[in-house]
Amino acid sequence: MEYKKLDDKIKELQSTRVFKKVTPKFDLSWYVKWVASVFILLAVCFRASGGYHMLDLYTSFIGTLGWFWVGYLWHDRALILLCGALATLLFTGILKAFIS
């Protein structure tokens, strides 16, 4: 079987609906987004188990800050807005837990 580059495959299709992936690969944002995604997955695991509320808040906060940074690096205002709001809410929850 002959292996072709993605650009060659797209040209063969002669379609205007096929787009090449545009997110960077193996740069700083690539590593940050994967680490942040692991933290968010861990947070959901803690949340689903039901007994680790503070670990859920901490890992969610770290993962959200990571995705906020990725949004900043990519100049993606939607990611910045979403993760900024989420980080604020999560940090409020962390502070509330320490105060009470």
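Modeller: Axes here are lines fitted to C-alpha atoms, for helices over the stretch in contact, with angles running from 0 to 180 degrees between N-to-C directions. Helices (H or I, at least four residues) and strands (E, at least two) are DSSP runs, numbered from the N terminus. It's a predicted model, where local features need pLDDT of at least 70, side-chain atom pairs count only at pLDDT 80 or more, and totals for chains, interfaces and linings use all residues. Residues are numbered from 1 along each chain as its sequence is written, and side-chain values use heavy atoms, leaving out hydrogens and water.

Biologist: OK, at what angle do α2 and α3 cross?

Modeller: Roughly 155°, with their axes coming within 8 Å. So α2 is roughly antiparallel to α3 (over 145 degrees; under 35 is roughly parallel, 65 to 115 roughly perpendicular, the rest oblique).

Biologist: Switching topic: where's T64?

Modeller: In helix α3, residues 53-74.

Biologist: Buried or exposed?

Modeller: T64 is buried, because its relative accessible area is 5% (buried is under 20%, exposed over 50%, partly exposed in between, with a 1.4 Å probe and protein chains only).

Biologist: What does T64 touch?

Modeller: Beyond residues up to four places away in sequence, T64 touches I40, C83, L86, A87 and L90; contact means heavy atoms within 4.5 Å.

Biologist: And which residues make the largest nonpolar core?

Modeller: Six: V32, A36, W67, V70, L79 and C83. Such a core is a set of buried Ala, Val, Leu, Ile, Met, Phe, Trp, Tyr and Cys residues joined through side-chain atoms within 4.5 Å. Helices α2 (28-49), α3 and α4 (77-99) each give two or more residues to this core. Another core of five residues lies apart from it, including L57, F61, A87 and L90.
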